[in-house]
Amino acid sequence: WASTTSCDSCGSDKRLQIDHCHETGRFRGILCEACNQKIDGALGRMTQKERIRAIKYFTERYIGDSDV
């Protein structure tokens, strides 16, 4: 991860952190502090299955409503 220069979510190069699964310890990527806090706030208290279902729900219904 040392060669990573930007957040995998938003592209920021400020205050980068290692994102990992607290259940398994598995490395997921690099996030800036702001994205890490937003994701953890939205999904942090969910189990892995609940997160996957929530993300699936969101992407299926909101695809095309984004500027991404």
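Biologist: What percentage of the 68 residues of the protein count as buried?
Modeller: This is a predicted model, where local features need pLDDT of at least 70, side-chain atom pairs need 80 or more, and totals for chains, interfaces and linings use all residues. Numbering runs from 1 along each chain, and side-chain values use heavy atoms, without hydrogens or water. Buried means under 20% relative accessible area, exposed over 50%, partly exposed in between (1.4 Å probe, protein chains only). Of the 68 residues, the share that counts as buried is 16%.

Biologist: In what order do the elements run from the N terminus?
Modeller: Elements are DSSP runs (helices H or I, at least four residues; strands E, at least two). The protein has two helices and two strands. From the N terminus on, the order is β-β-α-α.

Biologist: In which sense do β1 and β2 pair?
Modeller: Pairing takes at least two DSSP bridges between strands. β1 and β2 have five bridges. Across the pair, histidine 20 stands opposite phenylalanine 27 of β2. The sense of the β1 and β2 pairing is antiparallel.

Biologist: Which residue in the turn of the hairpin has a positive phi?
Modeller: β1 and β2 form the hairpin, with six residues between them. In that turn, a positive phi of about 80° belongs to glycine 25.

Biologist: With which residue does arginine 15 meet in a salt bridge?
Modeller: A salt bridge puts a Lys or Arg side-chain nitrogen within 4 Å of an Asp or Glu carboxyl oxygen. Here the N to O distance is 2.9 Å. Arginine 15 sits in the segment before β1 and its partner in helix α1, so the pair ties together parts 18 residues apart in sequence. The partner of arginine 15 is glutamate 33.

Biologist: Is arginine 15 buried or exposed?
Modeller: Glutamate 33, across the salt bridge from arginine 15, is partly exposed because its relative accessibility is 23%. Arginine 15 has 60% relative accessibility, so it counts as exposed.

Biologist: Is aspartate 19 buried or exposed?
Modeller: Aspartate 19 meets arginine 28 in a salt bridge at 3.1 Å, N to O. Arginine 28 counts as partly exposed because its relative accessibility is 37%. Aspartate 19 has 14%, so it counts as buried.

Biologist: Which residues do salt bridges with shared partners join into one network?
Modeller: The structure holds five salt bridges. One of them links lysine 56 and glutamate 60 at 3.5 Å, N to O. Both residues lie in helix α2, four residues apart, about one turn of the helix. Through shared partners, salt bridges join into one network Lys56, Glu60 and Arg61.

Biologist: How much space lies in the largest pocket?
Modeller: On a 1 Å grid, a pocket is an open set of points for a 1.4 Å probe, with protein on both sides within 12 Å along at least five of seven lines; lining residues have an atom within 4 Å of a point. Its lining counts 23 residues. Those nearest the centre are Asp19, Arg28, Leu31, Ile39 and Leu43. The space in the largest pocket is about 640 Å³.

Biologist: Which element gives the largest share of the lining of the largest pocket?
Modeller: β1 (16-20), β2 (27-32), α1 (33-43) and α2 (48-62) each supply at least two lining residues. The largest share is six residues, and the element that gives it is α1.

Methods: Grid points are joined across faces, edges and corners, and a volume is the space filled by probe spheres set on the points.
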